[in-house]
Each structure stands twice: as C-alpha cells, then as structure tokens.
2 protein chains.
Amino acid sequence: MININLIGAGNLAHHLFRGIYNSEGVKLQQWYSRDKKRLSAFSSKTGIIHDLKALQQADLTILAVSDDAIGELSSALPFDDQLVVHTSGSVSIHELDKKHRRGVFYPLQTFSKDVDVDFSHVPFCLEILEKEDLILLKKVCEAIGSPYYKINTEQRQTLHLAAVFVNNFTNQLYRIGHEITDIKNINFDILKPLILETAKKVQEVSPYMAQTGPAKRYDKK
Amino acid sequence: MININLIGAGNLAHHLFRGIYNSEGVKLQQWYSRDKKRLSAFSSKTGIIHDLKALQQADLTILAVSDDAIGELSSALPFDDQLVVHTSGSVSIHELDKKHRRGVFYPLQTFSKDVDVDFSHVPFCLEILEKEDLILLKKVCEAIGSPYYKINTEQRQTLHLAAVFVNNFTNQLYRIGHEITDIKNINFDILKPLILETAKKVQEVSPYMAQTGPAKRYDKK
C-alpha cells in the first residue's frame, strides 16, 4: 500500500483525491488545506488537516497547489528525505526544497470542477532525481489507471506550451466560431459534432495528414 | 419510400451512399459517376450509370460534387421540375438550374475516406425555395438519423466560415502542437487526451466559460 499526502484544496486536488480514494493499492493518509472551512465534507474519508505541522511522513506527498506556492510549501513540510512532488507544467523540479527527495507529477489534462475525471485519460508526466522514485510514481499511475511518460524539465515546459496551443488557443477558435454564429442567429450546436470529430480524427490520423480532407472541402473559395 | 439519385463519386458521395443504403424509408435509385472505372463495386446494390442521359426522375437528386461543377451538372440533368439539391457550404441555391425545384443539403461535418460515418453526428443544413420540399428533406434526414436545421444562404455561408475556424484552424493548432513536441522528441500521444477533452468540454460548456479553467492553470507565467 502506498501512503499519500495531498496538499492543496483546489480543482486538481479534489480530482486527485477521488482518483486515489477510488483506487486499490494507494491510500490517502492526510489532506491539507490552509482554509479551515474547506474539506470538512471529507473528514470521514481521510485525515483532514489545516496545520502543516500535523502532517506525517508518507511514501509520497503531492503538492497540488499554485505554481507560486510550491517552493514555500515544500520548505514548510515538517519532515525531510521523503518523496515530494509538484503537479505543475512549468515549475522546475529544483523549486522544491532540497531537503526532500523531489519529483514532478504533472497531469496533462484540463479539469472541470463538477465533472468526474476518468484518469485513464489523464497522462502523467513524471520527473525524478533518483531512479527508485520513478518506480513509486509509476505504481501510483498504474493504481489510478493513468498512462505515464518520463519527461524531463525542458520537455515538460515544451509540452506545457504545446498544451496552450491545443487547449487554450483551440478554445479561442471555438469561441470565435460561437461569435460568428451568434452574429447571424445560428445555433452553435450545429458546429459541435464537427468540433468533436476534428478532435477525434487527430487521435488516429496525424494532424499533418488530417488537414487535407476538410481543407479541400472548405478552403476552395 | 423516397427514391434518391446520387451524383458524384467522391468522399461525401460514398458516405451518403452508405447512409442511404443502410436506412429504411429511403432508396438509392441511381448513382452517377463520370469516371467509368469507379463505382463498379456497387453495381449489385444500386443502378450505377456513367451517362447522365440514363438518369431517371426521382423524389430527390443529390449533387455531391465539387462547387464548380454544381451549375453545369444541374443543367445537364435530363429532367426538370424535380427536387435537386447540392451539398456545398458556400454555393448559392440559385446556382442550381432554374428548371428544377432547388434545395441545399449541406452536411456540416468532416469526413474521412476510410472511416464509416455515424450520421447521427452529421447535422444537415437545409435550404429550399418551396415549403413542401423541406418536408421531404427532413424525412431523408430522419431516415438516415441525422439532425437537421433550416438555414438560409447567408447563415450557411456564415456557418461555413465558422467551420473553418473550429475545424481547419483548430487542426492547424494541433499541427503546431505536434511540431512543438517533435522538436524535443516528445510523444504527441501525450497531448491527445487533452485535445479530446477540450472538444468534449465545449459540447457541454460554452467556450466563453470553458476558457477560464485551463487559462487559469496554463497562462499564469
């Protein structure tokens, strides 16, 4: 059994909680939130704490917090020489306090607040400094059913950039599509199957190839 | 039973053939291809012709041909006062020869050559000049299981433009994502679940709303 501490009470932390709680082989030992009002609903399911000093050693401590808080929080953990990972796409592994065994556990996915995550669709980018820590992180991914990839810092930051293109910028295109249809009082629903099919097509066919079909049809005039 | 003629032997025509062939209540009467080598594989399933003069009247004749060929082909049909529709997103209904009852039957979807289409995910944009023709086109959509929308020429051309944004330009973003990952020898597969989830999210949540989540995570630095 892999004991896990979870730090943070945001969107990602809630999804990680559910992923860990619903899986065999991993156990959420303690869950920390600074805000005393949060997480009380979960107190029957794991050890909720609001004081970092109450945090005990675990096989893995996951910092699911904002990028800016990673360094300070990792220093504030009341133990050392334990495996501590952050979940950011852009922060260096070296921003974690040196007193820990350090790692990165970056889920490359967009999370919706109220929609349960299927972790088989959440690839984790793993980075470690010591080999045996990779084994543990892989086991956690296997337990929650997620694919994983060993990715170094530079690659992770590159992926993060690529994610902005295929997620944020793509959503901007959807938004433009919506604005264009709004102008003529057209139901945006008409475009939704095309949006989904375009994303499905690139699952199978390289986007280098996929462009030819629709471009042929749409771009002629 | 609605008898249908199909004109054209391209990607869309093949998908329409399958949609009609596999559905109750609609029957493919004749299928025309200029090229004598094509469609021979289908001769046991419908009347394949290579000479337009052999085309007989039908309840509906669908021109699934390139935009440039619509006008000329509609004039060459050896009958008049029948319902003839084109399938283009950008061509005016008035480019069809006036001797026909005219309509537009525009499927707003991207089609892959070798992937069977689920017509329940192909919305048809319908335009007609006479009301009773709309009833027939709706019946065809219902028979093949497709949603349909009554869309005028201006709206259709607007939709066509919006489709370029959510399909072609989106695919360009996927391509950029692929290029970015290639540079650092990263497996593009890591991005695929994010691509799919981004498209799924906009099925439920307006893209005006959907942007906030990922932008919060990704755009900070």
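Is Asn185(B) buried or exposed?

Modeller: Asn185(B) is exposed, with a relative accessibility of 69% (exposed means over 50% relative accessible area, buried under 20% and partly exposed in between, with a 1.4 Å probe and protein chains only). This is a predicted model, in which local features need pLDDT of at least 70 and side-chain atom pairs pLDDT 80 or more, while totals for chains, interfaces and linings use all residues. Residues are numbered from 1 along each chain as its sequence is written, chains are lettered from A and ligands numbered from 1 in the order written, and side-chain values use heavy atoms, without hydrogens or water.

Asn185(B) sits in the loop that joins α4 and α5 of chain B (helices are DSSP runs of H or I with at least four residues, strands runs of E with at least two, numbered from the N terminus). Its phi is positive, about 55 degrees, although Asn185(B) is not a glycine. Most residues other than glycine have a negative phi. Another such case is Leu39(A), with phi near 70 degrees. Leu39(A) lies in the loop between β2 (26–32) and β3 (47–49) of chain A, and is buried, at 5% relative accessible area.

Back in chain B, Lys184(B) makes a salt bridge with Glu154(A), with 2.6 Å between the closest N and O atoms (a Lys or Arg side-chain nitrogen within 4 Å of an Asp or Glu carboxyl oxygen). Two salt bridges are found across the interface of chain B and chain A. On the side of chain B that touches chain A, β6 (101–107), α4 (153–183), α5 (192–204), α6 (207–210) and α7 (212–218) each supply at least two residues. Of these, α4(B) gives the most, 27 residues. In total, 74 residues of chain B and 74 residues of chain A take part in the contact (heavy atoms within 4.5 Å).

The largest nonpolar core has 74 residues, and Ile7, Leu159 and Leu191 of chain A and of chain B touch the most other members (a core is a set of buried Ala, Val, Leu, Ile, Met, Phe, Trp, Tyr and Cys joined through side-chain atoms within 4.5 Å). The elements that give two or more residues to this core are α2 (70–76), β6, α4 and α5 in each of chain A and chain B. Beyond its neighbours within four places in sequence, Leu191(A) contacts Gly177(A) and Thr181(A), along with Leu108(B), Leu159(B), Ala162(B), Ala163(B) and Val166(B).
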